[in-house]
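Dear colleague,

I am passing on the structure below, together with some notes on what was found in it. Please read them alongside the model.

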Amino acid sequence: MSKPSLLHVVKSVFAAAIGVQSNKNREVDFQHGSLPAYIVVGLIATALFIFTIVSIVSAVTGG
């Protein structure tokens, strides 16, 4: 198998974040994936999550 695509990395990060990553996909990630790609996608996903939560709270509180 070749290097995972960006879409695969994004799907894998989101699946792992919510706890539904399959063992098969996890093995593919560790055997063929690039650690920096997963770190960058994870950091971007975390930043988007925090921005979303802050925006929702700000909208609800009127601030």
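How many nonpolar, polar and charged residues are in the lining of the largest pocket? By class, there are 4 nonpolar, 4 polar and 2 charged residues, where Ala, Val, Leu, Ile, Met, Phe, Trp, Tyr, Cys and Pro count as nonpolar, Asp, Glu, Lys and Arg as charged, and the others, Gly among them, as polar.

This is a predicted model, in which local features need pLDDT of at least 70 and side-chain atom pairs count only at pLDDT 80 or more, while totals for chains, interfaces and linings use all residues. Residues are numbered from 1 along each chain as its sequence is written, and side-chain values use heavy atoms, leaving out hydrogens and water.

The helices (DSSP runs of H or I, at least four residues) α1 (6–18), α2 (23–32) and α3 (35–61) each supply at least two of the lining residues, and the largest share, 3 residues, comes from α2.

In α1, Ser12 is also one of the residues that meet α3, where Tyr38 is among the partners, contact meaning heavy atoms within 4.5 Å.

With regards
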